Amino acid sequence: MSKNKYTDEFLIEELQRISTKLGRPPSGLAEYPYKYTVVGRFDSWENTLCMAGLTLYASENEGLEIRARYIREVKEIYRIWGRIPRSRDFEDIQTVKYYFRTLSGLLEAAGMIKKSNGNWEIPKDFLTDSEATNDHK
């Protein structure tokens, strides 16, 4: 592909437009079809995001309502299904990764404790009394 097929300005503006639409930077070719082009042109995905005024992960103070919603979802999944949430339990795991870096980051933010063997421990106070008794089974 010719280096000049798309201008730098077009590539950055398109990245910003898609990021605004998604509420986070795009994560792959399905969301941003020029990813390989910009990585080749600007040396890395992180450099490209920086040029667009974006970051790979949200800052700690960004999206507090969104973070709180995902934490509630973790607790709801555990309450209803009695198991640790999986990536496929979330409509947009890429948004989870944007705000928490990993699914493990979300589980820890929700109050679950990762043990040295990789399993998760659920504290006794993980669900409040009203959450624990409001069972829809």
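Predicted model: local features only at pLDDT ≥ 70, side-chain atom pairs only at ≥ 80, totals over all residues.
Helices are DSSP runs of H or I with at least four residues, numbered from the N terminus. By the salt-bridge rule the count comes to seven.

Local features need pLDDT of at least 70 and side-chain atom pairs count only at pLDDT 80 or more, whereas totals for chains, interfaces and linings use all residues. Residues are numbered from 1 along each chain as its sequence is written, and side-chain values use heavy atoms, with hydrogens and water left out.

Two packed helices are described by the angle and the distance between their axes. The axes of helix 4 (residues 64-81) and helix 5 (residues 93-100) come within 11 Å and cross at roughly 120 degrees; axes are lines fitted to C-alpha atoms over the stretch in contact, with angles from 0 to 180 degrees between N-to-C directions. In contact (heavy atoms within 4.5 Å), Ile66, Arg67, Tyr70 and Ile71 of helix 4 meet Thr95, Val96, Tyr99 and Phe100 of helix 5.

Helix 5 also supplies the largest share of the lining of the largest pocket, three residues.

Key:
Helix = DSSP H or I, 4+ residues; strand = E, 2+ residues; numbered from the N terminus. Salt bridge = Lys/Arg side-chain N within 4 Å of Asp/Glu carboxyl O.
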